[in-house]
Amino acid sequence: SAYTEGMHGAITRTQSYSPEALDPKVKHHSRMNFNLAELEANDVDPGAWPILTDLDGNLTEGSGYNVFMVTDGVLRTPGNRSILAGVSRGMVIDLAGQLDIPAVEEDLQPYDLYTSDEAFFTSTPFSILPVTQVDRRQIGDGSPGPITHQLLAAWSEAVGLDIVDQAVRSG
């Protein structure tokens, strides 16, 4: 149902590790901040997935997934300074290029996400998962957006199977 109804996210006070302290590009076992962020997100909105920030309040990543949003037809995602730039994140950026969807990596504040037209998470287990609410605020019209659908369809075509159908059948 997350593909059709969208996930909920919560921007947490728990932050990502500073890249000066611990390189975010290294998969490591010191992920206590992710565990704390998951607890905090569920206090804000039960079932919500956490979205962390850096020391300047810029959005970074979730606990095992990257964050994207679409504003006025432009795909936007946090720059890779303070995140683990996942393979799925790279796939979405590549697909956007193939589909002539402008994509930008930049510093993004919570306000940018709250006022975006659509949003989604990316990670290997689910590819692209729409986000329709953050901090109990509706994103766009409250349903998965057209660019999210377009990217998910392109990914399905690239791998030769319907990702949503597979999830529904195995869920």
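The largest nonpolar core holds 33 residues, and those that touch the most other members are Ile51, Leu75, Val92, Leu113, Phe121 and Leu151. A nonpolar core here is a set of buried Ala, Val, Leu, Ile, Met, Phe, Trp, Tyr and Cys residues joined through side-chain atoms within 4.5 Å, and buried means under 20% relative accessible area with a 1.4 Å probe, protein chains only.

The largest share, 5 residues, comes from α5.

Please keep in mind that this is a predicted model, where local features need pLDDT of at least 70, side-chain atom pairs count only at pLDDT 80 or more, and totals for chains, interfaces and linings use all residues. Residues are numbered from 1 along each chain as its sequence is written, and side-chain values use heavy atoms, with hydrogens and water left out.

What does Leu75 touch, leaving aside residues up to four places away in sequence? Its partners include Phe68, Val92, Ile101, Phe120 and Leu151, a contact being heavy atoms within 4.5 Å.

Now for the whole protein. Its secondary structure comes to 6 helices and 8 strands, in the order α-β-α-β-β-β-α-β-α-β-β-β-α-α. Buried residues make up 48% of the 171 residues. Of the contacts with a separation of 6 or more, 66% join residues 24 or more positions apart.

Notes
Helices (H or I, at least four residues) and strands (E, at least two) are DSSP runs, numbered from the N terminus. Buried means under 20% relative accessible area, exposed over 50%, partly exposed in between (1.4 Å probe, protein chains only).
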